[in-house]
Amino acid sequence: MTAVRLVSKLLKFKGFRAVSFWFEDRGRDLVIAVKPHKNGCLCPECGRRGKIVHARPARRWRDVRVCGRSVWLLYRPREIRCPTHGRHVEQTPWAAPSARVSYRFEYVMLRYCQAMPQAVAAQLLGVAPSTLSDILHRVIERQRQGHKIRGLITIGIDEISCAKRHKYATVVYDLERSCVVWVGRGRARKTIDRFFRFLSAYQKAKVKWACCDMSEAFIGAIEQHCANAQLVLDRFHVVKAINDAVDEVRKEQWRDASTSQRTALKGLRWLLYRHSTTRSRQDTKTLKALEKANRRIYRAWRLKDEFEQFWEYKARWAAEAFLKRWTTTALKSRLKPLRRFVRTVRKHAEGILAFVDTRLTNAVAEGINRIIRLIKNRASGFRSLDAFADMIFLCVGDLDIPAQIPARFRTL
Ligand SMILES: [Zn+2]
């Protein structure tokens, strides 16, 4: 076996072969001159043979490293004329058109970036971190270009914080397939409208359930664009709203309390948030004492505790009756934050009651958000939302991006 054939075989060249190779930069770079099989000259659009117009200057493609050496593929691509597509640069079997790295490099990079911080992936691949994120962005953009969102039936909409200083992004989930289908800057109505512009009228009509928080922007957009969709307000966001109301009562009381009264109110914060199923005996004792120490906080907490029951109902009429009773009691409580909560509940009663029929929550979305937070923390933040969105699509997107690389190059 000759040396060049050995190199081709070792590096698993398929669809092309090595012609010669040499070392550069004091042995740090291995340059391999390559050639497509059967003389190439194939049109990148249709794969048919074209007529050579002329050869272009030599180009280099980065391949994965071998034993700590950077590997470069060298070739003079020819410009060809295809009978149907006109003038084009011929197809290179090892890399996508106009890519500067080989398919295999792209595959390895995508898999590394799914599993580790980009800085580490860049080190292993022997490129600068900024180069890596550029290449990554280009690959992901190329794969997602023309990708259609398909089979949306149950959607969830939520916001995530994407940078410091209260910058938010809106994320749309396919709750059935547990993946992210769209990411957009901001959390206002115009952001979410942009998403719906992506969908065809048919796709919008197909959406059956939509789950979101009580944000007017999201609710308004769903009502406008998805006429057939049943809006379900996310249970966790409703629970959070009532917890916040109770906490507000606690804060008010804390502000007005004297120093001696404050000792009785200490350590209440997390206790008031706690769900009844995780309450310990000590918690019950503290709450009993609270009944004597501060009637207002106690009353707020009681209302919250009673409201938990709502989620257990299986029949809509029973849930409706409960909600009616509960809101009347809460209104009589003379606690401002809770009355505000009641007003929200009454306004969105339909969406909250929809939970009883559908049992639909954004729990899947919360799980995905956990992964998204992990990605963010792992990278210690992102330079731009684009870079963040790239990683979201790569790790929890609706398209399996590494699987889009031609199968023969999918080796780690
Ligand atoms: Zn063609």
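## The zinc site

Four protein donors hold the zinc ion: Cys43 (SG), Cys46 (SG), Cys82 (SG) and His85 (ND1), at 2.0 to 2.4 Å from it. Donors here are N, O and S atoms within 2.8 Å of the metal (3.2 Å for Na, K and Ca), and water is not among the atoms, so sites may look incomplete. The donor atoms subtend angles of 101 to 114° around the zinc ion, which makes the arrangement tetrahedral.

The donor residues follow the spacing C-x2-C-x35-C-x2-H in sequence. Cysteine 43 sits in the loop between strand E2 (29-36) and strand E3 (51-55). Histidine 85 sits in the loop between strand E6 (78-82) and strand E7 (86-89), so the pair ties together parts that are 42 residues apart in sequence. Strands (E, at least two residues) and helices (H or I, at least four) are DSSP runs, numbered from the N terminus.

## About the model

This is a predicted model, where local features need pLDDT of at least 70 and side-chain atom pairs count only at pLDDT 80 or more, while totals for chains, interfaces and linings use all residues. Residues are numbered from 1 along each chain as its sequence is written, and side-chain values use heavy atoms, without hydrogens and water.

## Helices H13 and H14

Helix H13 (residues 316-332) packs against helix H14 (residues 336-347) at about 150°, with axes 9 Å apart. Axes are lines fitted to C-alpha atoms, for helices over the stretch in contact; angles run from 0 to 180 degrees between N-to-C directions. H13 and H14 are therefore roughly antiparallel. The scale is: under 35 degrees roughly parallel, over 145 roughly antiparallel, 65 to 115 roughly perpendicular, the rest oblique.

Leu323, Trp326, Thr327, Thr328, Ala330 and Leu331 in H13 meet Arg339, Phe341, Val342, Val345 and Arg346 in H14. Contact means heavy atoms within 4.5 Å. By class, this contact of H13 with H14 has seven nonpolar, two polar and two charged residues. Ala, Val, Leu, Ile, Met, Phe, Trp, Tyr, Cys and Pro count as nonpolar, Asp, Glu, Lys and Arg as charged, and the others, Gly among them, as polar.

## Helices H16 and H17

Helix H16 (residues 363-378) and helix H17 (residues 385-396) pack at about 130°, their axes 10 Å apart. H16 and H17 are therefore oblique to each other.

H16 contributes Ile368, Ile371, Ile372, Ile375, Lys376 and Arg378 to the contact. H17 contributes Phe388, Met391, Ile392, Cys395 and Val396. The contact of H16 with H17 divides into nine nonpolar, no polar and two charged residues.

Definitions and conventions
Tetrahedral: all angles 85-135°; square planar, octahedral: opposite > 155°, others 65-115°.
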